[in-house]
Amino acid sequence: MDPGALRSCIQATLATDANIRRQSELDLRHAEENPGFVDALMNILEVEQENSVRQATVVYLKNRVTKAWNPPDDYPANKRITDQERTSVRARVVPLIASSPPNVRAQLIPILQAILHTDFPERWPDVFQLTVQLLHSDDAASVYAGLQCILCICRVYRFKSGNNRADFENGVVVNAFPQLLAMGNRLVQETSIEAGEMLRAIMKAFKHAIYFELPAHLREQQNTVGWCTLFLSVVAKDPPPCSMADDADERETNHWWKAKKWAYANLNRLFVRYGNPATLSKSNGDEYAAFSKSFLEQFAPEILKIYLQQIEKWVGKTLWLSKAALSQTLTYLDECVKPKIMWANLQPHSENLVSHLVFPVLCLSEEDLELFENEPSEYLHRKLNYYEQVSAPDVAAMNFLVSLTKHRKKETFTVLNFVNSIVNKYEAAADADKQPMEKEGALKMIGTLASVLLGKKSPIADQVEYFFVRHVFPEFSSPHGFLRARACDTLEKFEALEFKEESNLLLAYRSILQCMADEQLPVRVEAALALQPLIRHDVIRENMQSNIPQIMQQLLKLANEVDVDALANVMEDFVEVFAAELTPFAVALTEQLRDTYLRIIREVIEKEGQGDEDEDGLGVLDDKSVTALGVLQTIGTLILTLESTPDVLQHLETILMPLISTTLDHKLYDLYTEVFEIIDSCTFAAKSISPTMWQAFELMHKTFKNGAELYLEDMLPALENFIQFGPSHMATNPQYVEAVVDMTRDIFENKKVGKVDRICGCKLAEGLMLSLRGHVDEHIPEFIRLAMNALGEDDVKVKSYKIHLIEVVINAIYYNPQLTLSTLESSGLTNKLFSFWFANIDNFTRVHDKKLSIAAITALLNIPPTSVPQSVQQGWPRLLQGCAKLFKTLPEAEKNREEAKRENEFQLNSDFEDDEDEGDWGEEDGWQNEAGDAEDVRDESSAYLDFLSEEAQKYSAFGGDDDDELEEESILETPLDELEPYSMFKQSLLKLQSEQPQFYEGLLKQIEPAEQQVLEAVVNQADAVVAQKAEQARAAAAEAAAQSVNGA
């Protein structure tokens, strides 16, 4: 390919004329399919001087390599990079990194990473030797390229363990890390931005190298000393002038502050994962025992000492610290609370740390205030999206505060004394002298400690209500919006508080209602969130009942003002608790919820359209998608409350159809589960299928065919409803039957799906055979073929999967025994099926399984003996033996199903109390007598990891096909529920006895006396069932006659 022509084409993509740009981009798309395209791009990069062309070229190169270097199997063959070009790229990419300017280099590094992830070490073993040579070079650009290579190699091994990283530990770490350490010690003495960038790469390489496992080389005492000394030198280094830009955000991204960030992170990782004996799990305890003991005693206290020195400078305002540095410091302090040796070092500083570090970090900043006033949506995003802000300093400060008071209970009083000093000072000060931001920070601290203060046996719990009345309630009417918002938040945090004075509880409720109409958006949102936990109080629910429609309107209005997913949770709770009050408004409420959802979705689609939209659908679950998810869940809850109002339900289906079609048509995969649940709820609650829902069925089939095969498990409940509640419509509209068969076929023939998906396919086939008896004859042979082929595969070891496959064929026998036997016999599979069936009959544990087998055996006994295939005639008596076994265990299965139903009802109707003891104060002597040399605190995270490990070992110990059981499904409903097996079996035996007496006698002679007794008991039970039904019918007739007489 001609590099000159390609360069001209790339340059044309930068033209101001949109038509020229569009044509050039089309030309490039065609060009990339031709051999030599990647080589030509690299030729341009090696000589190009014009910055815009160079930048565009490297972006095309990056996109081409990342998409086509290791493409999926279905990637077009003509778009794959040839082996010849791959060899050329591997040879040229590292020298190109060394010779390129920073903006181009930044695009080349992801290319190197993509190649190494696929090719190192097998297909590109010599890259490490090249890296070592570059690291020893006298040329700074070459050294930088070497550092990027080593960083990329370390990333490749970040999550690998055991033998999968042997080459890395014995080769890369042993041979390259001593050079990195020496280089780091030289760079830390320098002040240039280039030195900071190189040091940052070294810090990150170490981070990736130790992320999952700590290499033996780095555990050696000398090497641990060397690296920890370097990290502490980076932490303690005075920030170079080039790192102290006027703009704080610019400082945060400076290479020197990034190097400091990773130095902190590496020290923390060494301590938290490997250097604290209490956090080691059983699986790695022996391997790291010596290292952790040494690190805890010799290194961890020194790290704390340097961290405290940095904090002292920060407190004295002689040093600026980045958010990452503050967050990492607080995280380390958090970890120092539990070990005895570290607590001894930390305790003397705890009071100062609370007042001079934690409190200032928790107080609102000027930036927060500006957001509150001018960008309230962004303020809420930062303050409410806890998991997105997990590395923020205030989150780390809250975690430290909780650990401190949870594990060292006496420190709670230190914190409370400080908080009281702040709020009392605020209360006593004249209005002009009050410090509202300090009061806000103090309330944030007290809210953080809610679980501890209200914990079991807490000596403070009785005083919390008084604190609220005196210091929280007045702020509901504060002139400062952020204090009103904090008052609402504090009430929400203390959701478990039991008010002794009902008047105080009602005052809190009225204050929240007042704040829901506040002029400030954050106040309204915080008030809405605080309203949710108040529902648990009877008196509040009674007061709310008359206001529910208005409250829901306010919540909906808020949901349209700001995308906060927690608001949807509030609405869902209100819909569930106040179902009766909201039923008259259900239609209007559903319309508003739908409109809110569609508004959010339009914004999601527009946002994706502005970026590089994935041709396979919109994928990333952002804030708006999470909010939309919550709205869907609220709609689902609303539908379930309307089960007794079919007319309203049918209206809702029409209202919701645009929501369903928009979601599925735009491939909003993250929202599929909830949309399918809505379809399930509509069809299940109505117990019938409306024309609107048949449209939804067609959309589901289209969605499945357009790449949503892996969502069949989510679709299944709704699909089963269509089959169970719409059989007559399906029977007269065979395209719907064909659609279900098509999905079943696809799921069995798709090699990418797992056994759970195949089980879903089994259930669809079963549903058709049970609900459309006599209407799916032409599909029976295919169902048998799919199931028997799957049973013949080597990997059918999961018991539940095997049972479902066998039951597909058993269902076929029950549906039409002669057609099924004929199909099996023509494929030579009859004996195989019966062997599978009766070898696994003990695993048919559910009532459904037993009834199905009994029905199928009964159907087989009803066919003429002449129709029984020769291959299984000898084993025909096993049918009666199997029936005897099934009937013998049926009563126990029915008992288990009733228990499952009761348990399900209990779970639905019970409010489980949180039995966590995170705030448990225990006995008074325990916390009153805490001393400076208190014992180590057990680390829950390691205990949890040990538990998971033990459970995994138990699971793997089962092996073979004993790894799962089919449990009773309390809400499983099928046509078999109406089947009465005792009478069915009796009638079958009587028919066989009268029509084929010799055959009947021959069968009975070949079964054991005990089995004959079971069958006799079945016949007697059938008579008892008939008598019971007759008695029930007589009683019902008598009651009807009595009512008729009374009515007359």
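**Entry 1: the whole chain.** I kept in mind that this is a predicted model. I looked up the secondary structure and found 53 helices and zero strands. Then I checked the extent: along its principal axes, the C-alpha trace spans about 105 × 80 × 65 Å.

**Entry 2: domains.** Where do domain 1 and domain 2 sit in the chain? Domain 1 is residues 361–545. Domain 2 comes in pieces, 813–818 + 830–906 + 974–1047. I also looked up how far apart their C-alpha centres lie, and got 64 Å.

Entry 3: Of the 1048 residues, 52% are buried. The chain exposes about 48,000 Å², and carbon and sulfur atoms supply 49% of that. For contacts, I took those between residues at least 6 apart in sequence; 75% of them join residues at least 24 apart.

**Entry 4: charges.** I found 99 positive and 163 negative charges. Their mean positions are 4 Å apart.

Next I asked how many residues of H16 are buried. Twelve of the 14 are, so I'd call H16 mostly covered, where buried means under 20% relative accessible area. Among them are Ala324, Ala325, Leu326 and Leu330. The buried list also includes Asp334 and Glu335, as well as Tyr332 and Cys336.

Conventions. Residues numbered from 1 in each chain as written. Predicted model: local features only at pLDDT ≥ 70, side-chain atom pairs only at ≥ 80, totals over all residues. Heavy atoms only, no water. Domains from an automatic or database assignment. Helix = DSSP H or I, 4+ residues; strand = E, 2+ residues; numbered from the N terminus. Buried < 20%, exposed > 50% of the residue type's maximum accessible area, 1.4 Å probe, protein only. Contact = heavy atoms within 4.5 Å. Areas by Shrake-Rupley, 256 points an atom, 1.4 Å probe, with all protein chains shown as cover. Lys, Arg positive; Asp, Glu negative; His and termini not counted. Charge placed at Lys NZ, Arg CZ, Asp CG, Glu CD.
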